[in-house]
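Visitor: I would like a guided look at this protein chain. Could you show it to me and take my questions one by one?

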Amino acid sequence: MDASTNTQYNLIYSTMQLQIVSRQSIKPSSPTPPHLKTHALSLFDQLAPHMYVPLVFFFRRPHAASPNPPCTSHFLQRSLSATLSRYYPFAGRIKDKLTVDCNDEGVTFLEASLGGNVTLAEILEGPKSEIVEMLFVDGLQWKHSKMGPLLAIQVTYFQCGGFAVGVLLSHKLGDLATLVKFVTDWGFITRDTTNSAQHTVNPLFHSADLFPLGDLPPMSGAVIEEGKNLTCKRFVFEASKIEALKRSISDKVKIPTRVEVMTALIYKAIISALRDSNSNPNNHPTLLLQTMNLRTRMVPPLPESTMGNIVSFFPVAAAAGEREVEVHEVVGVMRKEMGEFCDKYAKKFRTEEWVELIKKRLNEVREILSKNGKPQLIYRCSSGCNFPVYGVDFGWGAAAWVTMAAFKMKNTVMMLDDKNGGGIEALISLDDKEMAAFQHNEELLAYTSLNPTANCANY
């Protein structure tokens, strides 16, 4: 985007104001039966932070020819109520460390409009994190979720007829896979004309049975604190460039995946930025914690309808020193560590060994994070790639763009699929000095663009 275009968009954005049209509490369409009034949190749920996970879907103005286009919030509210009858814990409240009170108290549904004559096309052409942040209820994205509703939704209308659906889900109730599955089912019920869809939607809320505490005490959730002097930026990796990087290391790594090569490239660029910005003068070792979805890694695999936090992580260490780490070397370490984790834990989590295995795993995690008291720089990477975010359909087709809100969590990378498929959008949060060096890394820039248009036709 050139300077004149950027100035034009800044003038447009400066006139925008969010106007609240209505605020309601949406309750399940049918009362939760007595035997489901208490939802037990699994061990993984208990370890999750009290934090709202945000995802926003941008939709173009529905065409008149679209099948059953629900153009008003009335349709969304009615279908949300029906969906909550299946996702009943989402309408409850946190009771204590172990349980959710499924009391049907409801979820927040906010209807808003964005003034200033801004169009969806302009938002997509010049994405701004300041705009995305306006599209979530009360600015609660990544904020504490212990008190109040566990799900909050904001529908924001633009002057052109397009709109955005911003969804916040408490991390205590589930991971990103859970959030995407919920919105997918909500869309399915919204576009149903026979009122039979809600009977085929069957989320499974039994993760506490799969991952019980055993004789362990109740767990406290991770504490995620906002860092200072941090910058969060959006980087887009096109499918063709990812394929080129995969080919460049294919003689050293057998059939590398796009997530593997992009994670490795980003991590390599981070290590270089540490050196170039002099942000690691004592040459402390770095450690990447790579989050993984356990549903497909367990034996037998869990269905995608399994709700809750079904995630863990494995460590990827890059040795400190003067030698530049290579992408294929990081991919090799990732594969080794993930393979060992799956063989040692994930494949055995559904056996009678669960309690002893999780005790061993918790001790191992403490050792990984403490490194015997020696300083280390920890980075975290979470991938939502291959989650069907562009399969969400409320009756007017797939979203024009799906993204998350920027965050102030230090040393964090979050990935999603791009609209075209095969590409990756990454939100990356680093120390200001590190980011200044990172975003000018020549090898990184050969494969990515910094905050390009979100209009897939212009990719």
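Guide: Let us begin with a term. A residue counts as buried when its relative accessible area is under 20%, as exposed when over 50%, and as partly exposed in between. Keep in mind that this is a predicted model.

Visitor: What percentage of the residues in the chain is buried?
Guide: The chain holds 459 residues. With the cut-off just given, under 20%, the buried share comes to 53%.

Visitor: How many helices and strands does the chain have?
Guide: Both kinds of element occur here. The count is 14 helices and 16 strands.

Visitor: Why is the chain called as compact as a globular protein of its length?
Guide: For 459 residues the globule rule gives 23 Å. The chain's radius of gyration is close to that value, so it is as compact as a globular protein of that length. Along the principal axes, its C-alpha atoms fill a box of roughly 65 × 60 × 40 Å. The radius of gyration itself is 22 Å.

Visitor: What share of the contacts joins residues at least 24 apart?
Guide: Take the contacts between residues at least 6 apart in sequence. Of these, the share joining residues at least 24 apart is 79%.

Visitor: At what angle do the axes of helix H3 and helix H6 cross?
Guide: H3 covers residues 73–84, and H6 covers residues 176–190. Their axes come within 9 Å. The crossing is right-handed. The angle is roughly 120 degrees.

Visitor: How many residues of the contact of H3 with H6 are nonpolar, polar and charged?
Guide: H3 brings Phe75, Leu76, Ser79, Leu80, Ala82 and Thr83. H6 brings Phe182, Asp185, Trp186, Ile189 and Thr190. They divide into seven nonpolar, three polar and one charged.

Visitor: Is Ser81 buried or exposed?
Guide: Ser81 sits in helix H3. Beyond its neighbours within four places in sequence, Ser81 contacts Ile26, Lys27, Pro28 and Ser29. Its relative accessible area is 14%, so Ser81 is buried.

Visitor: Is Lys172 buried or exposed?
Guide: Lys172 is in the loop between strand S8 (163–170) and H6. Leaving out residues up to four places away in sequence, Lys172 touches several residues, including Leu47, His50 and Asn309. Its relative accessible area is 4%, so Lys172 is buried.

Visitor: What distance separates the C-alpha atoms of Lys172 and Leu47?
Guide: The two are 125 residues apart along the chain.

Visitor: What is the phi of Ile255?
Guide: Most residues other than glycine have a negative phi. Ile255 is not a glycine, yet its phi is positive. Ile255 lies in the loop between helix H9 (239–248) and helix H10 (258–276), and is exposed at 66% relative accessible area. Its phi is about 45 degrees.

Visitor: How does Asn451 count at 30% relative accessibility?
Guide: Asn451 lies in the segment after S16. Asn451 also has a positive phi, about 45 degrees. At 30%, Asn451 counts as partly exposed.

Visitor: Which residues does Pro452 touch, not counting those up to four places away in sequence?
Guide: Pro452 is in the segment after strand S16 (449–450). The residues are Pro127, Arg234 and Val236.

Conventions:
Residues are numbered from 1 along each chain as its sequence is written. This is a predicted model: local features need pLDDT of at least 70, side-chain atom pairs count only at pLDDT 80 or more; totals for chains, interfaces and linings use all residues. Side-chain values use heavy atoms; hydrogens and water are left out. Axes are lines fitted to C-alpha atoms, for helices over the stretch in contact, and angles run from 0 to 180 degrees between N-to-C directions. Helices (H or I, at least four residues) and strands (E, at least two) are DSSP runs, numbered from the N terminus. A crossing is left-handed if the near helix is turned anticlockwise from the far one by less than a right angle, and right-handed if clockwise. Contact means heavy atoms within 4.5 Å. Ala, Val, Leu, Ile, Met, Phe, Trp, Tyr, Cys and Pro count as nonpolar, Asp, Glu, Lys and Arg as charged, and the others, Gly among them, as polar. The radius of gyration is taken over C-alpha atoms; the globule rule is 2.2 Å times the number of residues to the power 0.38. Buried means under 20% relative accessible area, exposed over 50%, partly exposed in between (1.4 Å probe, protein chains only).
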